[in-house]
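Reader: I'd like to learn how to read a charged residue inside a fold. Can we go through it together?

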Amino acid sequence: MTTGAPTSPSSASTRPRRSRLRTFLPLGVAAWVVLEIWLLTVVAGAASGLAVFLLLLAGVVVGSVVVKRAGRRAFQNLNEALQRGGSPSGGSGNGFVMLGGLLLMIPGLISDVIGLVLLIPPVQKALGKRAERSLERRLRASAPGGFGDAFQQARIHRPDGKVVQGEVIRHDERGDAPREPRPPLTR
């Protein structure tokens, strides 16, 4: 069955490659879910189903309390910074606290352990420093310029390579030409 699209052996080689993250993330998530379910069944076999249920319920309750407190603290920091007339200082770890709370809320024992580890302040500081260094490295490696430069580059590199300059002329209902001339759209 054909779709009418031209197929050539070179079209597969010109297609951009998928990133490793897009390739392996679904496999990683599937493996993590299978591991979580397996671990829950092992713990339920060793203890009881009620104990696992209570453990998961406690994780949801503790996680929601953690997320609520971290959100309230972030909102207070934002209000204080706006009252001072400045910008809010670094997140002071609220992002990792919220992530830890969300991981506690997700049903599973591995996610609970990772969430509890993220609630430890030295771990938050170490991860924060590492994330900051990684972000700085990526920003230094990115192309200079702002959003306008990126749009200009995207416009220049169109597949057909053509850029057509033009002008839109509106006629009113009587068919008359506009009253004042418009400048051309060149830079």
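Reader: Where is aspartate 112 found?

Author: Aspartate 112 lies in helix α5; helices here are DSSP runs (H or I, at least four residues), numbered from the N terminus. Keep in mind that this is a predicted model, where local features need pLDDT of at least 70, side-chain atom pairs count only at pLDDT 80 or more, and totals for chains, interfaces and linings use all residues. Residues are numbered from 1 along each chain as its sequence is written, and side-chain values use heavy atoms, with hydrogens and water left out.

Reader: Is aspartate 112 buried or exposed?

Author: Buried means under 20% relative accessible area (1.4 Å probe, protein chains only). Aspartate 112 is buried, yet has no salt bridge; that would take a side-chain nitrogen of Lys or Arg within 4 Å of a carboxyl oxygen of Asp or Glu.

Reader: Which residues is aspartate 112 in contact with, leaving aside neighbours within four places in sequence?

Author: Contact means heavy atoms within 4.5 Å. On that basis, aspartate 112 touches Leu103, Leu104 and Ile106.

Reader: Which residues of α5 are buried, and what do they pack against?

Author: Along α5 (residues 109-118), the buried ones are Leu109, Ser111, Asp112, Gly115 and Leu118. They pack against α2 (20-46), α3 (49-84), α4 (94-105) and α6 (121-141).

Reader: And how much of the whole protein is buried?

Author: Of its 187 residues, 12% count as buried. The secondary structure comes to 7 helices and 0 strands.

Methods: Buried < 20%, exposed > 50% of the residue type's maximum accessible area, 1.4 Å probe, protein only. Helix = DSSP H or I, 4+ residues; strand = E, 2+ residues; numbered from the N terminus. Lys, Arg positive; Asp, Glu negative; His and termini not counted.
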